Amino acid sequence: MPRYTVHVRGEWLAVPCLSSTNTIGWLGKEAVRRYMKNKPDNGGFASVEEVKFYIRRCKGLGLLDLDDTVGDALEDNEFVEVVIEGDIMSPDFIPSQPEGYISLDGNSLTTEDLVNLGKGLYKIKLTPEAEAKVKKSREVIERIVKEQTVVYGITTGFGKFARTVIPNSNLRELQVNLVRSHSAGVGKPLTPERTRMLLALRINVLAKGYSGISLETLEQVIEVFNASCLPYIPEKGTVGASGDLAPLSHLALGLIGEGKMWSPKSGWADAKYVLEAHGLKPITLKPKEGLALINGTQMITSLGCEAVERAGAIARQADIIAALTLEVLKGTTRAFDTDIHAVRPHQGQAEVAFRFRSLLDSDHHPSEIAESHRFCDRVQDAYTMRCCPQVHGIVNDTIAFVKDIITTEINSATDNPMVFAERQETISGGNFHGEYPAKALDYLAIGVHELAAISERRIERLCNPSLSELPAFLVTEGGLNSGFMIAHCTAAALVSENKALCHPSSVDSLSTSAATEDHVSMGGWAARKALRVIEHVEQVLAIELLAACQGIEFLRPLRTTTPLEKVYDLVRSVVRPWIKDRFMAPDIEAAHRLLVEQKVWEVAKPYIEKYRREHIPESRPISPTAFSLGSLRMSADDSHDHEHQNEL
C-alpha cells in the first residue's frame, strides 16, 4: 500500500492510499480531514468540503494537478504540501538567497553573525589559517592510528567503554556506530533556522583545529551547509554533558546520509536523496570524526545566541513601549533626571533613563498630552512607570553579561579529547560540559522575564479606569464591548507561566552513562525555556503596545512627542483603532511581529541617536563604569509641576 507524507499548516501527516487510482485532490482532502481530526476546533473549518487548497511537491516545489492520480504523479512515500487558500505558504519551503560569505576561523564569530547564518543570509568558507590548523590537527590523529596508540574515542569505546580497545579494522565502524546509537532524541524537530545555526556553529568549532577532523570532511560539511541541506534534529534529549550528544548525533546522522533531511530544493526526504539532489555525497567518517562532530555545547549555545539577540531586541523596545504608556497615563519625566541616575551609576539603568529622556524631553519633542496635565495635583507615579530605569536597566545588564559568556562559548573548543598539534598529543578534559551557557541562560530567563512582569502591571493600569482616567478596558460602550479585558488576562497568564519557566534547569543534575557522566548541566532545557520566556515577554509587550496606542485614541486630538507619534503610526499601519469588539488575536500577533522584526526600534532609534549625539560627551563624568550618556537635566517644565515626594 503506497503511503505519502503530507505537510498541512506546519504539521506532517502520513496518509496511506488504498488505490493508486485515487486523485491528488483526494490525497489533499484526506490530509485536511486528518488535520481537522487532530484539532479541537477542527482547524477552524466546518467541513472538509469547504476547504480550498492546492498541492505542490516538497521536492522541487512543483504544483500538482488535483485531477491526476497519485499513481501517475507521485512516488511511494513522496513528500507533498497542502497549501490552503488564504494561508501563506510555509516559509520552510522558500529558498533563502545568501548575500555573500562569512569566513570562519573559530575565534571571531559573533552572536549576530550566527543568527544571520541561521536565516540563510550568508554562506560559509574557512580562512586559510583555519585550514592550516585543521590539517595539523588531523596529522596527530593519523599518527595515533598508525602507531595504534590507545586514545579515548579514537582507538577505544566511549563512556563506560573507554577501556575497551578497538582494533584498527573497526575504527570507521566505531564512528558510524557512535553516531547511530547516539541519535536518540525525541520531540519536534528544530526549525530550519535553528538547524542552520547549529550546523554553522559546529563548523566554527571544528575550524579552531582542536577536534582532529580532516579538512576534506570539514569541507564536505560546509558544502552541506551552503546547500542548506538540514538534518532532522529532535529538540529534546541533551543533558548538556558530555556536550549535546543526541542533537549533534542527529546532525551527524544526516551528514552520513542517514535519517531525514530537508532543503529548499527537495523538502523533507531521506538524507541520501536530499544530498544526491544537490550533487553531494554522504560523508564517510574516518577515525575520531564521528566524535568530532557530536561532542560539544553547540545545541545549547546556538539556541542561546538566538535567545540573547531576541532578548536585546525586546529590551530596547520595552523602553519605547513603557514611555508611550507613561504618556497615556500622564506620568512625569522627573524620575529620569540625569542626576538621579548618576548617583547610582549602573550602566543599564543610565541607558534606560537616557532613552526615556530622548523620547520624552519636551525641549526636543513638545507633547500636547504632557502639556495638558502640567498643573495636575498628583504627587508621584507608580513604580511601574517611575522605576523603569531600575527594573529595565538590570535586564539590559543581564543581557550584556550573558552575551559575553555566549560569545566566548561560540568561539571555544568543546571537544573531548582535545587535539594539540603543537604538542603532538591529545588530552582528555571537560570542555564539553555545558554549565557555563546553562547557568547564563537560566539567568537570562530570570532577567528578561521582569520586562513582562512590569509590563503586565502597566497594562492593568491602562485598563483600570480608577488608575488611568481612561474608559474601562479601553473601549466605549463598556458592557456591550469588553475591549482589552481578556487581552490583559492573556498577559497575566503568560507572566504566570514564565514564573514556572524561570526555575533554573541548571540546578538539576542526573548521573548518566553508568555514572561516568555523573554531573550534567541540563543546558538544553535552559536554552529552550529561555526562548519560551522571551517569546512570552514579546507577546506581553505586544499587548501593552496595543493598549497604549488604544489609550492614545481617548486623548485625541492631543498629540504625544514626535518619536512616539511615529510609533503610534507604525502600529496603526497594521492594527486599526478598537471602536467595538472584534477578533483580537490577529491584532496581538501583528504587534508581536512588529517587535520580533524590531520595527518599533527602527522607528524610534533615529530620534534616540540624534539626542545622544546632541548630549554627548558628558561634561561631568561620575564613574568609569557609568555610561557616558549626557547629563541634560530635566527642566521644571519637563516635570509638569509634579512635586514628587519621597516614598513613605
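Colleague: Which residues is His449 in contact with, leaving aside its neighbours within four places in sequence?
Modeller: His449 is in contact with Val495, Asn498, Lys499, Cys502, Val533 and Val537. Contact means heavy atoms within 4.5 Å. This is a predicted model: local features need pLDDT of at least 70, side-chain atom pairs count only at pLDDT 80 or more, and totals for chains, interfaces and linings use all residues. Residues are numbered from 1 along each chain as its sequence is written, and side-chain values use heavy atoms, with hydrogens and water left out.

Colleague: Why is His449 called buried?
Modeller: Its relative accessible area is 9%. Buried means under 20%, exposed over 50%, partly exposed in between (1.4 Å probe, protein chains only). So His449 counts as buried.

Colleague: Where is His449 placed?
Modeller: In helix H17. Helices (H or I, at least four residues) and strands (E, at least two) are DSSP runs, numbered from the N terminus.

Colleague: What makes Glu456 buried?
Modeller: Its relative accessibility is 9%. Buried is under 20%, so Glu456 qualifies. Beyond four places in sequence, Glu456 is in contact with His488, Ala491, Ala492, Val495 and Val540.

Colleague: What joins the side chains of Glu456 and Arg457?
Modeller: A polar contact of 2.7 Å. The term needs a pair of N or O atoms within 3.5 Å; within protein, one must be able to donate a hydrogen and the other to accept it, and residues adjacent in sequence count only if both atoms are side-chain atoms. This pair joins side chains.

Colleague: Why is Leu467 called partly exposed?
Modeller: Its relative accessible area is 34%. That falls between the 20% and 50% limits, so the label is partly exposed. Leu467 lies in helix H18, residues 465-468. It touches Leu329, Glu460 and Arg461, not counting residues up to four places away in sequence.

Colleague: Why does the span of helix H20 agree with what it should be?
Modeller: H20 holds 31 residues, 523-553. The expected span is 1.5 Å times one less than the number of residues.

Colleague: How many residues of H20 are buried?
Modeller: 26 of its 31, which leaves H20 mostly covered.

Colleague: What makes strands E1 and E2 a pair?
Modeller: Pairing needs at least two bridges found by DSSP. E1 (residues 3-8) and E2 (residues 11-16) have six, in the antiparallel sense. His7 has Trp12 in E2 as its bridge partner. In the hairpin, two residues stand between the strands, and Arg9 takes a positive phi near 45°.
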